[in-house]
Structure formats: C-alpha cells, structure tokens
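Let's take a walk through a protein model together.

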Amino acid sequence: MGSAAAVPEEAKKIKEKELEELVAKLDKDTLKTVQAAVNKAVEAGGGAEKKGSKAHNVEDATDMKRAIFMWDYDVVSEALQEIELADKVPMGAEGCDLLTDKGIFKGNDAKEWEKMMGMCAVMFFQDQVMAEVPYVPPESAKAHAVWLWSAAEVEKNFKDIEVKGTDGKEVLAYYSKASEKASDLIQSEGKKFMEAMGKFKAKFNEDPDGAL
C-alpha cells in the first residue's frame with residue numbers, strides 16, 4: 001500500500017498537473033485516506049491565507065486607531081480638534097485626503113498638521129510592534145515601515161546617527177530615549193509612510209485589486 005503520510009508534505013505547493021500525476025500513483029485505499037484528509041482541511045478552512053498576512057489587512061489588523069489613511073470625516077474632525085484645525089477641514093474630507101492634498105492647510109496650519117502627522121505615525125508604528133495582528137503595508141509604503149526594519153535596514157537608514165536597538169521594533173521601543181536626530185529621522189519616515197499610504201488608499205478606493 002502507498003504511503004498516505006507522505007502526500008501532505010509533497011502537496012503543500014504543487015501545480016495541478018503534478019498533483020494529477022501524484023494522485024494517479026496512489027492505490028484506492030490511500031486515495032480514500034487522502035480525500036478524507038482534504039475534506040477535513042477544507043472544512044477547517046485549509047488553504048486560506050494566514051490571518052494578517054495579506055497586504056493592507058485592515059480587517060485583521062488589531063490596532064489601527066492611529067492609521068490616518070483609514071480615518072473617516074468624523075475621526076478626522078475629532079482628531080484635529082487637538083490642534084484647532086477641525087474647522088479648517090473641508091466637509092467630508094477623510095484621512096487619505098489630508099495625506100494627499102497639500103493645499104488643505106497653509107502656513108502655520110500646515111506646520112501643525114505635519115507635526116501631528118509625524119507624531120501620530122510614530123505612535124502607529126509602536127502600536128504595530130505590540131499588536132496581536134500587525135498591519136501589513138503594501139510594497140509602496142513598506143520601505144518606510146520602521147517596525148519592519150531589519151538590523152541591516154536600521155544600520156543603513158540611520159547611517160552615522162547613534163540609535164538604541166538593533167532592529168526596527170527595538171528602535172521604536174527606545175524612541176522616548178532617542179537623540180533628536182534619531183527621533184527626527186523616525187518621524188520623517190513616519191510622514192513618508194503616511195503619505196505613501198494616503199496615495200495607496202486613494203488608489204485602493206478606486207480599484208482594490210489594481211492597488212495591491
């Protein structure tokens with residue numbers, strides 16, 4: 001009798017033609033065993049993507065309250081009350097609008113918004129470090145997602161700037177003790193991340209499949 005135990009390992013990632021050739025080699029008893037195992041896997045949700053593994057996993061990500069690119073008008077209005085800009089937001093404007101339209105705020109208002117965006121982005125990064133299911137950014141914003149930086153990326157991006165921590169997660173953990181240059185760089189990356197996400201979200205709203 002053929003070995004049923006060997007089939008799952010061989011069939012983890014397999015093309016249809018290869019699978020047909022593999023199945024053709026099985027005897028009836030083994031085929032029944034494999035079929036029963038496949039049925040159980042399907043009933044249990046087998047073959048589905050790992051929770052939170054897909055880019056822009058907003059439905060699975062567990063801490064998105066500081067994701068400016070996902071804010072609706074009500075959240076925008078409430079958040080901007082803190083810096084007295086709520087009454088200057090166009091009716092119906094959402095977070096991605098604030099991130100993509102440089103003409104909404106001008107002068108000192110623009111500076112206050114930039115400052116808030118940078119701080120909010122850093123806190124969003126820190127949220128993802130602690131999140132049960134972190135947000136997975138699309139490729140267009142991934143380079144600025146500090147919490148995902150490897151040790152090599154930290155070394156490359158900070159260059160001659162002294163920073164505590166080896167990878168992005170540790171750098172964010174020590175953010176409150178970071179030097180002015182280090183914190184400025186992290187905030188700068190945060191703003192770039194949010195702006196990239198604003199552009200992505202605008203495209204996603206128009207064409208979800210094309211944006212990813």
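Is E114 buried, partly exposed or exposed? With a relative accessible area of 25%, E114 is partly exposed; buried means under 20% relative accessible area, exposed over 50%, and partly exposed in between (1.4 Å probe, protein chains only). Before going on, note that this is a predicted model: local features need pLDDT of at least 70, side-chain atom pairs count only at pLDDT 80 or more, and totals for chains, interfaces and linings use all residues. Residues are numbered from 1 along each chain as its sequence is written, and side-chain values use heavy atoms, leaving out hydrogens and water.

So who does E114 pair up with? Its salt-bridge partner is K102, with the closest N and O atoms 3.7 Å apart; a salt bridge is a side-chain nitrogen of Lys or Arg within 4 Å of a carboxyl oxygen of Asp or Glu. K102 sits in the loop between α5 (95-100) and α6 (107-130) while E114 is in helix α6, so the pair ties together parts 12 residues apart in sequence.

K102 also meets E195 in a salt bridge, at 2.7 Å from N to O. E195 lies in helix α10 (residues 180-206), so this pair ties together parts 93 residues apart in sequence. Through shared partners, salt bridges join K102, E114, K191 and E195 into one network.

Now zoom out. The protein chain has 11 helices and zero strands; helices (H or I, at least four residues) and strands (E, at least two) are DSSP runs, numbered from the N terminus. Of its 212 residues, 33% are buried.
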